[in-house]
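Let's look at how two protein chains sit against each other. Have the structure open while you read.

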2 protein chains.
Amino acid sequence: MTHPFLSLSPDPAHALRYILPLDERLCVGPPGKRFLFGGAGLASSVAAMEAASGRPAIWATAHYLSYARPGGDAQIDVRLCIEGKSITQARSTLMLGDEEILSATAALGARDSWDDQWPAPLDVPHWKDCAENPHWGAETGISGAFRFRVAHGQFADAPADKVRAADGRLALWMRPVDDEIAIDRVLLAVIADFVTPGLRNATGRRAGGNSLDNTIRYGRIVPTDWVLCDIQIELIHAGMFHGTMRIFADDGTLMAIASQSMILRVRD
Amino acid sequence: MTHPFLSLSPDPAHALRYILPLDERLCVGPPGKRFLFGGAGLASSVAAMEAASGRPAIWATAHYLSYARPGGDAQIDVRLCIEGKSITQARSTLMLGDEEILSATAALGARDSWDDQWPAPLDVPHWKDCAENPHWGAETGISGAFRFRVAHGQFADAPADKVRAADGRLALWMRPVDDEIAIDRVLLAVIADFVTPGLRNATGRRAGGNSLDNTIRYGRIVPTDWVLCDIQIELIHAGMFHGTMRIFADDGTLMAIASQSMILRVRD
C-alpha cells in the first residue's frame, strides 16, 4: 500500500494501524519551525482509511488539533465504525507519541450510477500555455514537491499591485515535480490544502493562515498531467477565513471539491 | 440555552450533556418511516457545542452513522478537546439509547479582523417578488417549518420539463414559518441540509439522497427576514453526489457556506 508520495506502511504488530515517517518534504513553515502540512495529514488519513476498508474514499475531513514536527514517526489508527454492503464509515487518529495531531472522518465505497458534473473549469489558458512559477514558500518543504502555473489571478508571497481581487479567485495549474507520482485521491488531498495563495490574491496582502480543517469530496479520477485548482476565497470574519477549491483534470473532469476554514494571519 | 427551534436543554445531572427531544417536526420521510433530519442533527450539535464552549461556531461538520426515529429523547455529549485563548476545538456525539446516530466536530471562537466577502448573490428576484411555493415533502415534518420561494431553477418533487439543468443551480429563498424564530447559526445549519431539491433541479429526475455528512462554515450573521440559498449540485459519481450551498442574507451578506455528500436515490 506504500504510496509513492507518502511512505505510509501498515504496522505489522497492529491491525488497522499505519506508520507515517514525518519527512521534511511533507512539512511547511520556516526552517526550524516546520510542521506537517495539513493536506499531507489528510492525505495520509485517506490512504490509511482506504487501505483499512478496501474501499475508495467518497469524502473525508481532517480536524487539526496540534502540530507535528518533522523527524519522528506518526501513527495512524483507523476505526471502521460501520461497514455496510457498499459503504464504510471510518475514523482515524494521527498521533505523534502521546499527542493527538489530527482526527479524520470519511465515508468510503461505491455503488452503480451514471456520472455527471455541473461546474465547468474557468475559461483560462491551458497549462501548456502558462508560464512556470517560482515555488510558493521553501523549496525543501511540501511546496517544493509541486510545480505551479498561474492561469488566473496573482500567485506571489505579496501580490505586486496590493489590491484586493474583486472575484477572490485564483486558478492554478499544479502537478508533482516527480514524474513517477500519479495524481490520485491521496495526492488530491495534499493539493486541496494549497488555499493560502488564494488568500494573498483575494486580499492583495501578505497574509496566510493555519488550517482548522481540510474537507474533500471526490468525483471520477482520470489520468491527467496537471490539475487546475480553482481556488475561491469565500469570506473573512472574526479573524477567520473560509476557502473552497474545485480541482479539475486537464480534460475538464471535476475530480474533487474541497473546503477549509483557517485562522487569518496578516504579516504586512 | 433553549433554542426556539430546538427544545434542547442541558442535562442537570451531567456537565456537557444535552437532551434533545426528537419531535416529529425535526424529522423527514414518509409517515411511519420518519427520522431526524440531518440538518437538525447538525444544528443541535452546533447549539450544544456553542453552549458547552461559550463560543460561536466557526465551522462544524456532522458525520451520520445511523437514523434516529422520532419519539424519544436523544442525548448529546460534548467533549472540549482543546480550549485555546480564542479557539475551542470540540466534538460531540448524538446518541439514542445505546446507538450512536451522529458525531460532530467543530472549531469555535472569534478573534479581531476586518470583514470581507467575495461571492455575491446570484442576480435573482428579491423574495418580495417571488411567488410562495408549496412545501417540499410532508408538511408535518421539518419542511413544514419553512417557507420557500424559488428565485432560479425548478423546485418540485419531479421537475415538470424533466430536463437536466445545465448550471445545476437552484436559488431558493427560505425562512421559518414561525415569525418568532430568528435566523441564527443554529437555524442556518438546518437550512443548509435542503440540498435535495437542488438534485431534482440539476438532474430533472425524481431523485433524492441520504446525507453522509453536513458541513457548514459561518460568516457574519445579520438580521434578515429570508435567506437566499444558492444550491450548486457539483457532480454525481459511483452512486453518490456532492452539493454545496451559499446562504446569503437579504442584504447580500454571505452568512454561511455549506457542503455535503449524499447517497443517490433515484425513484423514476
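How much area is buried between chain B and chain A? About 5,200 Å², with carbon and sulfur atoms giving 57% of that. Buried area here is the accessible area (1.4 Å probe) that two parts lose on being put together, summed over both. On chain B's side, B:Trp114, B:Trp118 and B:Arg217 supply 16% of the area that chain B buries against chain A, more than any other three residues.

Keep in mind that this is a predicted model, where local features need pLDDT of at least 70, side-chain atom pairs count only at pLDDT 80 or more, and totals for chains, interfaces and linings use all residues. Residues are numbered from 1 along each chain as its sequence is written, chains are lettered from A in the order in which they are written, and side-chain values use heavy atoms, with hydrogens and water left out.

Now for who touches whom: 63 residues of chain B are in contact (heavy atoms within 4.5 Å) with 63 residues of chain A. Sorted by class, chain B's touching side looks like this:

| Class | Which residues count | Number on chain B's side |
|---|---|---|
| Nonpolar | Ala, Val, Leu, Ile, Met, Phe, Trp, Tyr, Cys, Pro | 29 residues |
| Polar | the others, Gly among them | 19 residues |

The interface of chain B and chain A has eight salt bridges, each a side-chain nitrogen of Lys or Arg within 4 Å of a carboxyl oxygen of Asp or Glu. One of them joins A:Glu100 and B:Arg91, at 2.8 Å, N to O.
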